[in-house]
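Biologist: I am new to this structure, and I would like to go through its charged side chains with you. Could you take my questions one at a time?

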Amino acid sequence: CPYFLSRNALPSADLVLLPYNYLLDPTTRASLKVNWANSVVIFDEAHNLESIASDAASAEMTSHDIALAIDEIDRVAAKIQDPGGGLMSGLDSALSAAPLPDLESVLIIKQLLLALEADLDA
């Protein structure tokens with residue numbers, strides 16, 4: 001298979017040609033095992049480079065994502081207020097692995113999430 005042949009030859013290659021979004025995205029670059037240390041990188045058609053770099057460093061978050069985070073914050077706050085109370089076992093095991101934060105910090109995070117949700121919905 002040409003794909004795996006090329007991929008296996010990558011560590012010893014003197015010249016590698018690939019779309020620059022593969023090189024700029026850290027996850028894709030790591031999955032391809034591209035090590036560009038001490039390398040010369042040449043970008044062809046670099047007029048698209050700014051938008052590709054911006055996309056690689058960006059994330060999207062919907063108001064639904066924020067609402068789910070607020071639900072989780074509420075569950076954490078309930079656990080802090082009543083450590084013996086019943087929550088879903090996944091959250092209990094995650095919370096038991098680390099010390100619980102103080103309630104004031106959790107409520108500050110909730111207020112920030114609520115303000116972000118309001119801004120997204122506006």
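Modeller: Let me begin with Asp-74, which is partly exposed at 31% relative accessibility, where buried means under 20% relative accessible area, exposed over 50% and partly exposed in between, with a 1.4 Å probe and protein chains only. This is a predicted model, in which local features need pLDDT of at least 70 and side-chain atom pairs count only at pLDDT 80 or more, while totals for chains, interfaces and linings use all residues. Residues are numbered from 1 along each chain as its sequence is written, and side-chain values use heavy atoms, with hydrogens and water left out.

Biologist: With which residue does Asp-74 form a salt bridge?

Modeller: A salt bridge is a side-chain nitrogen of Lys or Arg within 4 Å of a carboxyl oxygen of Asp or Glu. For Asp-74, the closest N and O atoms of the pair are 2.7 Å apart, and the partner is Lys-110. This pair links distant parts of the chain, 36 residues apart, with Asp-74 in helix H5 and Lys-110 in helix H7 (residues 103-121); helices (H or I, at least four residues) are DSSP runs, numbered from the N terminus. The partner asked for, itself partly exposed with a relative accessible area of 22%, is Lys-110.

Biologist: How far apart are the end C-alpha atoms of H5?

Modeller: The expected span of a helix is 1.5 Å times one less than its number of residues. For the 19 residues of H5 this gives 27 Å, and the distance between its end C-alpha atoms agrees, at 27 Å.

Biologist: Which side chain of opposite charge is nearest to Glu-117?

Modeller: Glu-117 lies in helix H7, and it is buried yet has no salt bridge. Lys and Arg count as positive and Asp and Glu as negative, while His and the chain ends are not counted. On that count, the nearest side chain of opposite charge, 9.3 Å away, is Lys-110.

Technical notes: Helices (H or I, at least four residues) and strands (E, at least two) are DSSP runs, numbered from the N terminus.
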